Amino acid sequence: MRRIILGLMMLPMITLGQSLDQCQQAAEQNYPLIRQYDLISKTTDLTVANIQKGWLPQVSASAQATLQSDVTAFPDQIQKAYQTMGIDMEGLRKDQYRVGIDVQQTVYDGGAIRSQKKIARQQGEVQSAQNEVNLYNVRKRVNEMYFGLLLIDEQIKLNSDLQELLSANEKKLASMVKNGTAAESDYQSVKAERLDVMQQGTSLQAQRNALVRMLSTFCGIEVKQAAKPVLSESVAQTQTVRRPELKTIDAQLRLADAQEKALDAALMPKLGVFAQGFYGYPGYNMFEDMMGHKWSLNGMIGARLTWNIGALYTRKNDKAKLNAQRSMFNVQRETFLFNNNLEQIQQNEDIERYRKLMADDEEIITLRSAVRRAAESKLSHGIIDVNDLVREINAENGARVQQTIHEIEMLKEIYNQKYTTNN
């Protein structure tokens with residue numbers, strides 16, 4: 001029973017086919033670029049974590065051996081005085097050795113680490129925004145295939161209707177040939193026209209199969225039928241633009257703000273504590289090392305305040321560079337909105353043009369149908385030949401095809417406008 005209920009619930013979706021929104025959402029989830037969001041997030045988190053480690057003690061190990069041209073020594077008179085007292089003052093050796101560890105711990109950095117983390121996060125936001133722009137372009141490709149499928153489906157229906165109409169006239173002519181009221185060539189002409197339309201139908205079906213496979217592969221779901229969107233009664237002349245390109249520009253501006261704050265942090269003094277220890281010769285007790293050439297353990301702890309004012313040299317130029325970047329981003333925004341507005345104007349004009357064309361399509365079809373029916377009657381009475389009938393049949397079918405093209409193209413322009421504004 002549950003399976004039956006679920007089947008009935010899925011029936012409308014199967015009957016109506018996939019909607020355009022469903023295809024767009026599926027395509028975005030299926031597109032390989034969607035995985036880049038996680039990669040950007042992971043990369044950003046790792047970068048921030050590495051920057052945060054700047055608060056951990058920085059440990060460095062070193063070893064050195066030197067040979068000096070001269071060393072600290074007592075004057076000759078003092079050495080002679082020590083010798084008279086029986087003290088052998090050897091002095092420092094010119095070959096010296098040291099193996100040690102240096103530990104640095106930052107206590108205050110003026111906000112440098114915080115600024116670096118903010119810059120890293122903003123760079124991640126810029127990359128995510130740019131990735132969103134690339135993913136957003138997927139919608140346009142889906143639109144092209146989706147409305148192409150709708151148009152082919154409508155053309156296949158009209159082709160089928162045309163085949164039925166020609167088949168009915170073919171049967172009528174076959175009867176007339178038997179009764180001697182029509183020539184065999186008239187029957188053959190209509191049959192040839194029907195076969196030609198059948199070939200067109202075969203070509204349309206092949207195009208549809210290829211388009212269905214492309215759309216299904218692109219969306220990652222099986223698309224068997226495209227559901228025609230409901231025609232909108234009114235379209236706003238101007239709409240608020242919510243495109244991801246604008247989000248990218250906003251993220252770039254926020255990155256410039258973070259970089260400017262980093263310039264301020266670079267001017268602040270930095271306070272740290274340190275510890276140094278080494279094993280070697282000579283040690284800190286120089287006097288004792290002059291008397292004996294023995295390696296010893298030595299250590300030192302302390303605090304260090306540093307203030308590098310070198311950042312002042314380039315600060316003015318760095319701020320001017322950031323201001324120039326902001327101006328560039330604002331120009332990009334203005335340019336994008338300007339071009340977007342022109343695109344909306346063109347789309348509004350196209351939509352209005354299709355509306356006007358569609359207003360006359362129904363009347364044209366009605367008139368063409370009346371002329372075709374009159375031609376069928378005239379052919380039955382021998383007033384016109386079969387070529388005139390075929391011409392009127394094709395004229396009626398052409399009017400129906402034009403109506404379909406106008407409707408689908410207008411729907412496509414409406415959804416292209418949604419893509420243009422992201423509304």
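Visitor: Where does S175 lie?

Guide: S175 lies in helix 5. Helices here are DSSP runs of H or I with at least four residues, strands are E runs of at least two, and both are numbered from the N terminus. Bear in mind that this is a predicted model, where local features need pLDDT of at least 70 and side-chain atom pairs count only at pLDDT 80 or more, while totals for chains, interfaces and linings use all residues. Residues are numbered from 1 along each chain as its sequence is written, and side-chain values use heavy atoms, with hydrogens and water left out.

Visitor: What makes S175 buried, partly exposed or exposed?

Guide: Its relative accessible area is 37%. Buried means under 20%, exposed means over 50%, and partly exposed is in between (1.4 Å probe, protein chains only), so S175 is partly exposed. S175 is also 12 residues from Y187 in sequence, with 9.5 Å between their C-alpha atoms.

Visitor: And what is N169 called, buried or exposed, and why?

Guide: N169 lies in helix 5 too. With a relative accessible area of 4%, N169 falls on the buried side of the cut-off.

Visitor: What is N169 in contact with?

Guide: Contact means heavy atoms within 4.5 Å. Leaving aside neighbours within four places in sequence, N169 is in contact with V190, E376, L389 and I393.

Visitor: Why are E260 and M358 given the label they have?

Guide: E260, found in helix 7 (residues 244–266), has a relative accessible area of 22%, so it is partly exposed. M358, in helix 9, has 23% and is therefore partly exposed. Not counting residues up to four places away in sequence, E260 touches K319, L322 and R326. E260 and D318 are 58 residues apart in sequence and 8.3 Å apart, C-alpha to C-alpha. M358 and T106 are 252 residues apart in sequence and 74 Å apart in space, again C-alpha to C-alpha.

Visitor: How do helix 6 and helix 10 run, and why?

Guide: The axes of helix 6 (residues 184–219) and helix 10 (residues 386–421) come within 9 Å and cross at roughly 20°. Axes are lines fitted to C-alpha atoms, for helices over the stretch in contact, and angles run from 0 to 180 degrees between N-to-C directions. Under 35 degrees counts as roughly parallel, over 145 as roughly antiparallel, 65 to 115 as roughly perpendicular, and the rest as oblique. Helix 6 and helix 10 are therefore roughly parallel. On the helix 6 side, D186, S189, V190 and E193 make the contact, and on the helix 10 side, V386, N387, V390 and N394.

Visitor: What classes do those contact residues fall into?

Guide: They divide into three nonpolar, three polar and two charged. Ala, Val, Leu, Ile, Met, Phe, Trp, Tyr, Cys and Pro count as nonpolar, Asp, Glu, Lys and Arg as charged, and the others, Gly among them, as polar.

Visitor: What makes the direction of helix 5 against helix 10 what it is?

Guide: Helix 5 and helix 10 pack at about 165°, with axes 10 Å apart. That makes helix 5 roughly antiparallel to helix 10. Their contact has 18 nonpolar, seven polar and eight charged residues.

Visitor: What is in the largest nonpolar core?

Guide: A nonpolar core is a set of buried Ala, Val, Leu, Ile, Met, Phe, Trp, Tyr and Cys residues joined through side-chain atoms within 4.5 Å. The largest one has 29 residues, and V142, Y146, F147, L149 and L215 have the most contacts inside it. Helix 2 (20–30), helix 5 (112–179), helix 6, helix 9 (311–380) and helix 10 each supply at least two of its residues. Helix 5 gives the most, with 10 residues.

Visitor: Which residues of helix 2 are buried?

Guide: They are L20, C23, Q24, A26, A27 and E28. Their cover includes helix 5, helix 6 and helix 10.

Visitor: Which peptide bond is cis, and what is its omega?

Guide: The bond from Y281 to P282 is cis, with omega near -5°. P282 is found in the loop between strand 3 (270–281) and helix 8 (286–291).

Visitor: What stands out about the phi of N422?

Guide: N422 has a positive phi of about 60° although it is not a glycine. Most residues other than glycine have a negative phi. N422 is found in the segment after helix 10, and at 22% relative accessibility it counts as partly exposed.
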